[in-house]
Amino acid sequence: MNTVLIVEDSHSQRECISYNLAWNGINVIQASDGIDALNKLQATCPDLVLLDVVIPRIDGYRICRLIKANPETQNIPVVFITGKEQQIAIYEGIKHAEAYVSKPWQTPELLQTIKRVLLEVKHSPKNVSADAWFRYGILTLKLIKFYESRNSAWQTSSHQMIKLYKSALNALQQALEIDPDHLLAGRTLAITENKWQNLQQKLDQTRPCQVCLYYHGRDGINCAVHPNGPIDSLCLDWELN
């Protein structure tokens, strides 16, 4: 049974597509935004990604480029779901994807496209060259800069940004394992490691919060303590009247 990751921010659209795919014998995984999509992609490695173009946090074009740049996911086919107003810009995305379906989509067309792409996809050997890992590392670093340019980036997206830093470091290290003399990878890794160490020092100075869902320390996300719980276990960040 094939598994399809559906990335769509509209709950009703997502559920409708999921119902139709499940009815036709396809296993479905849902994601509501770009970050959720990346997390689900790493955890499940689906056979195909059905990707809306306009989604929160990371848009569909960036998600597609990350999928195709990562040597571990580059063979996963991507099918875009696009609205009429997005057709002008579709070439920028479709050159990285296998197909697209226009909104309002029709069930027969959607199913036929998915089945056709799954049949046509060629499971070619993964491109595990040093240059491929280096390009993926650079693309990830560009995404980090995109996040950092936003207001209050570390207050709203810190957990994902830290994961992206680790992903970039891993990609550059993979490049150097394949080619220890890769000068660009070596220089970029040194710069990124230095920035990462400085960032860790700043994070260590911030008290981990058990209420906030974002990462503020090295131990990861802790479950929030509800205000109605035992008084001795309450996080100090809860403001109770």
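Reader: How many disulfides does the count come to here?

Author: A disulfide is a covalent bond between the sulfur atoms of two cysteines. The rule used here asks for a pair of cysteine sulfur atoms within 2.5 Å, and by it the count comes to zero. Bear in mind that this is a predicted model: local features need pLDDT of at least 70, side-chain atom pairs count only at pLDDT 80 or more, and totals for chains, interfaces and linings use all residues. Residues are numbered from 1 along each chain as its sequence is written, and side-chain values use heavy atoms, with hydrogens and water left out.

Reader: Is Cys64 buried or exposed?

Author: The scale is relative accessible area: buried means under 20%, exposed over 50%, and partly exposed in between (1.4 Å probe, protein chains only). Cys64 has 1% relative accessibility, so it counts as buried. Cys45, with 48%, is partly exposed.

Reader: Which backbone feature does Cys45 show?

Author: Most residues other than glycine have a negative phi, and most peptide bonds are trans. Cys45 has a positive phi of about 50 degrees, although it is not a glycine. You will find Cys45 in the loop between α2 (34-44) and β3 (48-52). For the element names, helices (H or I, at least four residues) and strands (E, at least two) are DSSP runs, numbered from the N terminus. Arg57 also has a positive phi, near 75 degrees; this residue is in the loop between β3 and α3 (60-69) and is partly exposed at 35%.

Reader: And which peptide bond is cis?

Author: Look at the bond from Lys103 to Pro104, where omega is near -5 degrees. Pro104 belongs to the loop between β5 (99-102) and α5 (107-120).

Reader: Which residues of α1 are buried?

Author: They are Arg14, Ile17, Ser18, Asn20 and Leu21. These residues cover an arc of only 165 degrees around the axis, so they lie on the same side of α1; the arc is that of the directions from the helix axis to the C-beta atoms. What covers them includes β1 (3-7), β2 (27-31), β3, β4 (78-82) and α5, where contact means heavy atoms within 4.5 Å. On the other side of α1, His11, Ser12, Tyr19 and Trp23 are exposed.

Reader: How many aromatic pairs does the structure hold?

Author: Rings of Phe, Tyr and Trp (its six-membered ring) pair if their centres lie within 6.5 Å; planes under 30 degrees apart count as stacked, over 60 as edge-to-face and the rest as tilted. The structure holds four such pairs. One of them, Tyr19 with Trp23, is stacked, at 6.3 Å centre to centre and 20 degrees between the planes. Both residues lie in α1, four residues apart, about one turn of the helix. Tyr19 is exposed at 55%, and so is Trp23 at 67%. Trp133 and Tyr136 have ring centres 6.4 Å apart and planes at 65 degrees, so that pair is edge-to-face. They are three residues apart in helix α6 (residues 130-148); Trp133 is buried at 5%, and Tyr136 is buried at 8%.
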